[in-house]
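Subject: Structure handover

Hello,

Here is the structure I promised to pass on. My notes follow below it.

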Amino acid sequence: MSSFLSGRNFGSTIQTSDIADNATTNAKMADDAIGLAELSATGTASSSTFLRGDNAWSAPASGYEFVSLSTMSSTSALVVSFDAGYDYRLVLEQWKVSAAARNAVRFGVASDTFRTSGYLSGGMTASIQGFLYGNEQTTFIQTANYNQNPSFEWCWEFRIFDPQNSAKKTQVLMDGGGEGNGVDRNRALGEGIYDTAEAHSHMQIYPQGSSLNYTSGTAKLYRIKNS
């Protein structure tokens, strides 16, 4: 009798202590014998996780995911909503306004409750006429300091950082360009912040001026986990 089962009689039940360490090879394992319950991995196995090299189940890293698409047509204001735990990117394409106007941004705690004070913002516009610096606004965040030409399309990109975090001041960076009213092509850069820590569930973009609206354009909202 081999030393593997030394001291055991024929027909005896094999005990765990009878098997030497590292004695069982892959060839002796039954196919599909190892299940999740036999793994010592941490975390939770699911259809959205994978097993990392450090033996932990984890969700794969990902980039921005698409959230929504809005189409403008005599639209007085664009309103988008936010979930907790995400940073956001809003892309406006082929954006036209009914009359020469600047765009304004406000944050809200509901779809119809937007803060009308407490902002700090500024920006500048570059054109063949030089740099046009905007005045700081406190009742809204101004995207650019020069009126958009209603006959031409603009594009914009907004980045909003963790707006649902009540421990942070909500901040937005803006980058846009198009034909300015009375001047040639413009490139606009802006930044604004709501200067009190507060969770914001919504953001509103609207043209400054009485009875103005957005006549055409699309707004694509994306998000990415921030932790």
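Buried means under 20% relative accessible area, exposed means over 50%, and partly exposed is in between. Met29, with a relative accessible area of 36%, is therefore partly exposed. Please keep in mind that this is a predicted model.

**Surface patch**

Met29 sits in the segment before strand 1 (50–51).

**Salt bridges**

A search of the whole structure finds nine salt bridges. Three of them are described here, starting with Arg223.

Arg223 pairs with Glu65, and their closest N and O atoms are 3.1 Å apart. Arg223 lies in strand 15 and Glu65 in strand 3, so this bridge ties together parts 158 residues apart in sequence. Arg223 counts as buried at 16% relative accessibility. Glu65 counts as partly exposed at 36%.

Arg223 also forms a salt bridge with Asp83, at 2.7 Å from N to O. Asp83 is in the loop between strand 4 and strand 5, so the pair with Arg223 in strand 15 ties together parts that are 140 residues apart in sequence. Asp83 is partly exposed, with a relative accessible area of 42%.

Lys220 and Glu93 meet in a salt bridge of 3.1 Å, N to O. Lys220 belongs to strand 15 and Glu93 to strand 5, so parts 127 residues apart in sequence are tied together. Lys220 is partly exposed at 27% relative accessible area. Glu93 is partly exposed too, at 31%.

**Aromatic pairs**

A pair of aromatic rings is described by the distance of the centres and the angle of the planes. The structure holds seven aromatic pairs. One of them is Phe66 with Tyr222: the ring centres are 5.8 Å apart and the planes are at 75 degrees, so the pair is edge-to-face. This pair links distant parts of the chain, with Phe66 in strand 3 (residues 65–71) and Tyr222 in strand 15 (residues 214–225), 156 residues apart. Phe66 counts as partly exposed, at 48% relative accessibility.

Phe82 and Tyr88 make another pair. Their ring centres are 4.7 Å apart and their planes are at 50 degrees, so this pair is tilted. Tyr88 is buried, with a relative accessible area of 2%. Phe82 and Tyr88 form one aromatic cluster with Tyr86.

**Around Phe82**

Phe82 lies in the loop between strand 4 (78–81) and strand 5 (86–97). Is Phe82 buried or exposed? Phe82 is buried, with a relative accessible area of 4%. Beyond four places away in sequence, Phe82 touches Tyr88, Ile160, Pro163, Gln164, His200, Ser201, His202 and Met203. Ser40 is 42 residues from Phe82 along the chain, and their C-alpha atoms are separated by 37 Å.

**Around Asn103**

Asn103 is in strand 6 (residues 103–110). It is buried, at 5% relative accessible area. Its side chain makes a polar contact of 2.7 Å with the side chain of Tyr214. Residues touched by Asn103, beyond four places away in sequence, include Trp95, Ile141, Gln142, Thr143, Gln148 and Trp156. Ile205, Tyr206, Pro207 and Gln208 are also among them.

Best regards

How values were computed:
Residues numbered from 1 in each chain as written. Predicted model: local features only at pLDDT ≥ 70, side-chain atom pairs only at ≥ 80, totals over all residues. Heavy atoms only, no water. Helix = DSSP H or I, 4+ residues; strand = E, 2+ residues; numbered from the N terminus. Buried < 20%, exposed > 50% of the residue type's maximum accessible area, 1.4 Å probe, protein only. Polar contact = N/O pair within 3.5 Å; in protein donor to acceptor, adjacent residues only side chain to side chain. Contact = heavy atoms within 4.5 Å. Phe/Tyr/Trp six-rings, centres within 6.5 Å; stacked < 30°, edge-to-face > 60°. Salt bridge = Lys/Arg side-chain N within 4 Å of Asp/Glu carboxyl O.
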